[in-house]
Amino acid sequence: MVSESASAAARGVSPAHAFQVDLRGIVDLLSHHLYSSPRVFVRELLQNAVDAVTARRAVDPEAPAAVRISATGARVRVRDTGIGLTEPEVHRFLATIGRSSKRPDGDPNGIGAAEQVLELGRGDFLGRFGIGLLACFVVADEITVVTKSAVHPEEPAVEWRGAADGRYRVRLLSGAEAPTEPGTTVTLTPGPGKEFWFQAPRVVELARDYGSLLPYETVLEDEAGYTYRITDTPAVWDRVHPSPSLRREALAAYCQDTLGFAPLDVVELDIPLLGIRGAAYILPTAGPADRGGHRVHLKGMLLSDQARGLLPDWAFFARCVIDTDALRPTASREALYEDDRLTAVREALGARLRDWLAGLAATDPARLNRVLAVHYLGVKALARYDDDLFALTLPWLPFETTAGRVPLTEFADRHRVVHLTAGDEEFQQIAPIAAAAGLGVVNGGYTYDAELVRKLPRALPGVVVADLDPDTVAAHLDGVDPAEELAAGRLLAVARRVLDPLDCDVALRAFHPLTIPALLLDGREARHERARADEQDRAAAETDDLWADILGALRTAGPRARLVLNHRSSLVQGLIELDDAELAATGVEAVYGQALLLSKRPIRAAESALLNRAFLGLLGHAVGRGPRPETGDED
């Protein structure tokens, strides 16, 4: 018979070669790049044991189902009552990297007895990627597997002994060496410096973390013979409780033990269509959106306690603990695979939280109020897209207004026309004056608030929402008697001369509070025009005289800011009575500067110079040394 390589050479084709795999390199890849920590070796041991028991029960539903762990510091041993392996299956499963025990659909070739069983129940298994026990080399220098097949009990037991350098040996066991019952025992010997991971307290901690919800009884025995229960099933959400209140207390206690905080509220998650059971826990305090991930179990095995993307972005006020069989893990089995299934789960959990909020609004307003007092921001984010929820929660969602921090329903009862500021700076400047004038204003500077206020007429017909503009504010200020305005004519003339270069007009009105001498009204159009003019000035400064003249000619008279002097202010009254025009000009500059600072808008170079000039002028007047004209000569 002609060999394959000789036949290929005769056809002028180079023969095929097999890949050479460096096991040490693979282990380094696993430990430093695929897995976040060596702690996953416990998960791999538990996963293989549980899958083996599940496979045996697919053949014999009455078969024993148990996993036993022992840890002494010098070794870790895991014994399961699972399906076991024959010698050919040992070579297939334990010495082939990348071969999953769950075969691709439509590929029946070479399937052994155990593999046929695994294939029949592939949806019930945890493992998917064929890395298997080799991942345990991240902590082990040697792995020993002793196994006896439950499908072929007449076959001899097999010992597989693998080393971290890639060599392995297989031998058949007989007599006293051979186990009498089907199942598999895996023994790990620690690598240099890895003994810490083999100490019984550490293994107990890891086994409980990963396997507390596994479906089969799992216990650990230390070198002193003390036994620790690993599994704690059924899960708290699957248990029967005497009353709803006790059930709620049990779920909250589980959150405290598992996630480390006492929840503000508990939302049960039971979505059979997606195979999801668990609970969402409402954080007790507000804080950053990225406070921690969710705890996700896959068929009882912990996948991740920092899973991301499980809830919609707006639901950052909740953390979930769930068990599911619907989601796919990544290759490291430490995160969720972003696919259509995860999208469906995210939408379903978001809908569940939305229904919970709507239920509280309809049946338990006091409880909803406690939640919204802390997490109103997340609810506002959802209410932007959900008109029904917006209407339901409107009586409890707080907004900053000229009447204080109140719900919009309460505010709209007092003000059928609701004015909205463009930002927090504008609101802070106008709020005390608008409140005194009876003008209803809402701060539009907070996240989501402007969008929600604009939706108000949908929920409350008859309410009008309008952007706040300078003319509206001015219209709500009291006018001044013509005779008094005439008496203030000299001050107004000085103010116009001082402020005209700053594109600012002057008006005289009477308003409260008396402590505010002037109000700077600066609408959106005026700010836009000022920004455009500043850009033209910068461009002119960088060009030659010809282009500077052209750019200067392009400037047009647009909307201007307005400084409204308060006739009721004792300071303004003092400026009106001044006979010194220059001192009055300095006083106007100071009043403008104070109003400018209250508005919190960006200060231009000319305004900065004005503030400095006003400060020095008033200081000089206070010490009796007014500013002298600059002559260029120095004493």
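Which residues is Gly-293 in contact with, leaving aside its neighbours within four places in sequence? In this predicted model, where local features need pLDDT of at least 70 and side-chain atom pairs count only at pLDDT 80 or more, totals for chains, interfaces and linings use all residues. Residues are numbered from 1 along each chain as its sequence is written, and side-chain values use heavy atoms, with hydrogens and water left out.

Apart from those neighbours, Gly-293 is in contact with Asp-305, Gln-306, Ala-307, Arg-308 and Arg-319, contact meaning heavy atoms within 4.5 Å. Gly-293 lies in the loop between strand 10 (276–282) and strand 11 (294–298); strands are DSSP runs of E with at least two residues, and helices are runs of H or I with at least four, numbered from the N terminus. The C-alpha atoms of Gly-293 and Ala-307 are 4.8 Å apart in space, and the two residues are 14 apart in sequence. Gly-293 counts as buried because its relative accessibility is 0%, buried meaning under 20% relative accessible area with a 1.4 Å probe, protein chains only.

Across the chain, buried residues make up 47% of the 635 residues. The chain has 22 helices and 21 strands.

Two of the helices, helix 3 (residues 40–59) and helix 6 (residues 200–211), have axes that come within 9 Å and cross at roughly 60 degrees. Axes are lines fitted to C-alpha atoms over the stretch in contact, with angles running from 0 to 180 degrees between N-to-C directions. In this pair, Val-40, Phe-41, Val-42, Arg-43 and Leu-46 of helix 3 meet Leu-206, Ala-207, Tyr-210 and Gly-211 of helix 6.

Technical notes. Buried < 20%, exposed > 50% of the residue type's maximum accessible area, 1.4 Å probe, protein only.
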